[in-house]
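Dear colleague,

Please find the sequence and structure below for your review. My notes on the model follow directly after them.

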Amino acid sequence: MPKPAASVASLLPQLWHRRFLPPTLVPRDLSSFSPLLTIHSAPRRCSPLPPSTHLTAAAVSTAAAVEAPTTTPYPVYERLLPCPLQDDPPRIEHLVTREDEMAGDFISRSLGLPPLYVADLIKFGAVYYALVAPQPPPYAAPEHVRIFREVTDPSVLRRRASIKGKTVREAQKTFRVTDPNQPLEAGTYLRVHVHPKRFPRCYEIDWKSRVVAVTDDYVVLDKPAATSVGGATDNIEESCAVFTSRALGLETPLMTTHQIDNCSEGCVVLSKTKEFCSVFHGLIREKQVKKVYLALTTAPVSTGIITHYMRPVNRAPRLVSEDHIGKWYLCQMEVLDCKKVTWPNSLIRKAYSVNDSGWPQQEAAYECRINLLTGKTHQIRAQLAAVGTPIIGDSAYMTAAMAAMANPSINPFGREKLSYNSEEEKEAAIESWIAAHGKEPKSVIGLQASEISWEYEGERHSYKAGVPWWQQDSVESDLV
């Protein structure tokens, strides 16, 4: 019989001993800390916590562990709108309150941000809180660790009514701050994404013209490229769901039921109700939803089923192997047909900001119709690149495909992979292969979710997207 979960106060002393005595111990969640680690504390008036401290550590790249300058030239902050065309460099701040107060006031004063800018951040979903601060990462300065120990000391936590009976995992779980006037208890942890990821394309679209169908339960949208279906971790405002809801005048915002990549276009289903969300998720799990894609590739692709296995690591680039490896995910897609077409002309490439990544031959392209049999993130993109036929505009995977063409043994999971004398040598080869990939495209790639269909309660639902960008007769037709 499983043991009951321990409370925060009873478990933390054991947790600290296990985590802090070995200095090289990796924390269970690095993703919640940014490379720029800053802990701010408001002045103390009447709090059980020690006096306040304001600390700033040198920025450290988690990927390369390279020390960066301690100061960053930040822009002048006013409002989040109008939307800039380019993202500002990432800036994520970590705060700990030292007294009870309102979220907006505390953030504004601690970070020197205008109250309206902070209100915008909260509206965008860029501010998170947790009752108890998460473990600092290994590169945190000793003063940061000291502050963490102060605010999570059992003698302090026992006096906090909000965490009584909660486990460590429950108390460290993050939630979005939804109102500038949301009260914060002393000791509350905040993560503020000061420069959220932006989606300027949202403001250029005639969203009503992109709606394929509206029913009582759902809306089908022909999603434009360079937009997000449901938003980003730090920006839920600039999304297809929000802008489509506004365009249709819906009182209740639409909900996402599935995703396609930001750089892709085509059919997505947005739910009007939680009930339909649950139904559609069930249909996806039971593989009752059929998705057909159009992919514009650099070379011809043989028809038939293509099988790979994807590394179970939740970050880009997604690495695939033709050989089955341990717990890697099965990826299958069926190429229904593949025809030769004209490579997109310079006007279309310029209008859609297509990145050709220096692909050597640009006389002809190939339009493939693909039945997606399994739906893994980046699956079509990674699989097509792995067989030497990357998608046009896909800077992330096209550069790796070119590197493999020049040196086939660079891919440690390819047909011509080398033999490695040790795990360390293989890990180094994997890191080199990852480095051969480019950056995620910010505009459009040659991939469209062309058709989506399913059956429910004896009724068939089938929808098609419009003409893909590379088939546009006029570059003006899809720029609104």
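Strand β3 (residues 92–96) is largely enclosed by the rest of the structure, because 4 of its 5 residues are buried. Here, buried means under 20% relative accessible area, exposed means over 50%, and partly exposed lies in between (1.4 Å probe, protein chains only). Helices (H or I, at least four residues) and strands (E, at least two) are DSSP runs, numbered from the N terminus.

Please note that this is a predicted model, in which local features need pLDDT of at least 70 and side-chain atom pairs count only at pLDDT 80 or more, while totals for chains, interfaces and linings use all residues. Residues are numbered from 1 along each chain as its sequence is written, and side-chain values use heavy atoms, with hydrogens and water left out.

β3 pairs with strand β8 (residues 189–193) in the antiparallel sense over 5 bridges; two strands pair if DSSP finds at least two bridges between them. Within this pairing, valine 96 stands opposite tyrosine 189 of β8. Glutamate 93 forms a salt bridge with arginine 91, with the closest N and O atoms 2.8 Å apart. Both arginine 91 and glutamate 93 are buried. A salt bridge is taken as a side-chain nitrogen of Lys or Arg within 4 Å of a carboxyl oxygen of Asp or Glu.

**Confidence**

The chain has a mean pLDDT of 85, and 83% of its residues reach 70 or more. pLDDT is the predictor's confidence in each residue, from 0 to 100. Over residues 1–70 the pLDDT stays under 50, and for these residues the model has 152 contacts beyond four places in sequence. A contact means heavy atoms within 4.5 Å.

**Nonpolar cores**

A nonpolar core is a set of buried Ala, Val, Leu, Ile, Met, Phe, Trp, Tyr and Cys residues joined through side-chain atoms within 4.5 Å. The largest one has 33 residues, and Tyr293, Ile370, Ile380 and Leu384 have the most contacts inside it. Among the elements that give two or more residues to this core are β13 (289–297), β17 (364–372), α10 (379–386) and β18 (447–456). The largest share, 4 residues, comes from α7.

Isoleucine 370 touches Lys291, Val292, Tyr293, Ala295, Met333, Glu334, Val335, Ile380 and Leu384, leaving aside residues up to four places away in sequence. A second, separate core has 20 residues, including Phe106, Leu113, Leu121 and Val127.

Helix α10 is mostly covered, with 7 of its 8 residues buried. These are Gln379, Ile380, Arg381, Ala382, Gln383, Leu384 and Ala385. Histidine 378, in the loop between β17 and α10, has a positive phi of about 65° although it is not a glycine. At 9% relative accessibility, histidine 378 counts as buried. Just after α10, glycine 388 takes a positive phi of about 85°.

Arginine 381 meets glutamate 440 in a salt bridge (2.9 Å, N to O). Glutamate 440 lies in the loop between α12 (423–435) and β18 and arginine 381 in helix α10, so the pair ties together parts that are 59 residues apart in sequence. Arginine 381 counts as buried at 1% relative accessibility, whereas glutamate 440 is partly exposed at 36%.

**Other salt bridges**

The structure holds 18 salt bridges. One of them joins the side chains of arginine 369 and glutamate 451 (3.2 Å, N to O). Arginine 369 lies in strand β17 and glutamate 451 in strand β18, so this pair ties together parts that are 82 residues apart in sequence. Arginine 369 is partly exposed, with a relative accessible area of 28%.

**Cysteines**

How many disulfides are there, counting a disulfide as a pair of cysteine sulfur atoms within 2.5 Å? The count comes to 0. The sulfur of cysteine 202 is 6.2 Å from the closest cysteine sulfur, in cysteine 240, which is too far for a bond. Cysteine 202 counts as buried at 1% relative accessibility, and cysteine 331 counts as buried at 0%.

**Backbone details**

A cis peptide bond joins leucine 81 and proline 82, with omega about 5°. Proline 82 is in the loop between β2 (55–56) and β3. The peptide bond from alanine 316 to proline 317 is also cis, with omega near -5°.

Yours sincerely

Definitions and conventions:
Disulfide = S-S within 2.5 Å.
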